[in-house]
Amino acid sequence: MTITTEDRHTAGTGTARRTGVRGVITRHPLASFATLALGLSWLAWIPYILSPHGLGVWDLHFPEFLGTAQFTGVLPGALLGPLGGAFLVTAIADGRPGLRRWVGRLWRWRVAWYWYALALVGVPAIIVATGLPFAGGQVQAPSPLALLALVPGLVVQLFSTGLSEEPGWRDFALPRLQERFGPLGAAAVLGPLWALWHMPLYLSDWGGWPDAHWTEPVVFALFTITFNVVMTWVFNRTGESLPVALLLHVGVNNTISTLWADMYPGMTAGTMMHGLAIVSTVAALVLLVVTRGRLGYTGGGRGGSGRTVGTPRLVGSNDGTR
C-alpha cells in the first residue's frame, strides 16, 4: 500500500510586514515553538511540583483520576506546551494553510500494516524483554487484570500523553528541523529538547521524587534522545504519519504502566530505565549505520537525498530501506 505526500513546511506570507511578537514568531518559528513548549509547560507544572506531590512547600492537593493525580497536575501543562505551542506558532506563522498541513498528518493512517505491528506489538515486546537481564530471576507472567488493562490503557495514553506531545515534537518541529538541518541535525536538536522538557517533573512523583537517584534523569535523557532517533526513522518511513508516531510513543508508556510492575515486581524504576536506555541506544546506532544517517528522510534539507522540496513522494510497503 502506498500513500502520496506533498506537503512542505513553508513560512507564512507577509513576513516582512509583520512586526512585534507576530513578526518574531513568523521569522523564528522553531525557536518560538521551543520557548513556548518549555515555558508554558514548566509554568503550568509549578503548582504540582510545589505541592505535596512534589517538593511539599505548598499545601495544594490535586484530585486523583485512575489512582494518580498526574492527570490533573501534569497533563494540563503537557497540553499547553508542545500542543499549544505548535498550534500558536503554526497559526501565526503559516495561517490556515499551515494549520491544515499540521492537522493533516493526524489522518495519515493508511500505511503498511507492519508499522502498526511494530508500534503495537514489536516495540512493547522488546521493552518487556529488556527487563530480563536485570530481573535477577524474579519474573512472572502478567496477571489477567494487567492484560485486560492494555487496550484501555493504550486509549487513555493516546488521548493524554500522545496527543499532548506528538503534534508538537513530531508533527510541528521534526519536519521543519529536517528541512533546515537534515535528519541528523534534527535528531541532535529535537532529542535533547524532548528530554529537557521532562526534567522539572523529576521534582515530583512523576519522576519518583524524593527517592529517585540523581542519575535517573540522566539515564532517562539518554533514552529519550536515542529513542527520538527511532521515532524519526519511523516518522519518515511512514510518510510523516502521526498516528503511527502516536502509537509508538504511547505503546512504550502503556507497556511500562500496565505490564512492568506485574512481570518484574522486584525491579526499581531506575533499573528499568537502564535497560530501556541500553536497548534504545543500540537501536539508534543500528539505524544510523544502516540508513547512513538519512533515517528514511527523502526531503531536500541538509543531509537529505537531494530531492527537491515539494516533489511528491510515495511511501509504503514497497519502499526500500533509506
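**Exercise 1. Determine what share of the contacts in the protein chain between residues at least 6 apart in sequence join residues at least 24 apart.**

Solution. Contact means heavy atoms within 4.5 Å. Among contacts between residues at least 6 apart in sequence, 79% join residues at least 24 apart. The model is predicted: local features need pLDDT of at least 70 and side-chain atom pairs count only at pLDDT 80 or more, while totals for chains, interfaces and linings use all residues. Residues are numbered from 1 along each chain as its sequence is written, and side-chain values use heavy atoms, with hydrogens and water left out.

**Exercise 2. State how many helices and strands the protein chain has, and give their order.**

Solution. Helices (H or I, at least four residues) and strands (E, at least two) are DSSP runs, numbered from the N terminus. The protein chain has ten helices and two strands. Read from the N terminus, the order is β-α-α-α-α-α-α-α-α-α-α-β.

**Exercise 3. Describe the largest nonpolar core and identify the residues that touch the most other members.**

Solution. A nonpolar core is a set of buried Ala, Val, Leu, Ile, Met, Phe, Trp, Tyr and Cys residues joined through side-chain atoms within 4.5 Å. Buried means under 20% relative accessible area, exposed over 50%, and partly exposed in between (1.4 Å probe, protein chains only).

1. The largest core holds 70 residues, of which Phe33, Trp169, Phe172 and Phe227 touch the most other members.
2. Helices that each supply at least two residues of this core include H2 (29–50), H7 (150–198) and H8 (215–237).
3. Helix H7 gives the most, with twelve residues.
4. Leaving aside neighbours within four places in sequence, Trp169 is in contact with Phe33, Ala37, Pro82, Leu174, Leu190, Leu193, Trp194 and Trp197.

**Exercise 4. Classify the ring pairs Tyr114–Trp115 and Tyr202–Trp206, and the burial of each residue.**

Solution. Rings of Phe, Tyr and Trp (its six-membered ring) pair if their centres lie within 6.5 Å; planes under 30 degrees apart count as stacked, over 60 as edge-to-face and the rest as tilted.

1. The structure holds 15 aromatic pairs.
2. Tyr114 and Trp115 form a tilted pair, because their ring centres are 5.4 Å apart and their planes stand at 50 degrees.
3. Tyr114 is partly exposed at 30% relative accessibility, whereas Trp115 is buried at 4%.
4. Tyr202 and Trp206 have ring centres 5.5 Å apart and planes at 90 degrees, so this pair is edge-to-face.
5. Tyr202 is buried at 13% relative accessibility, whereas Trp206 is partly exposed at 29%.
6. Ring pairs also link Phe33, Trp45, Trp169, Phe172 and Trp197 into a cluster.
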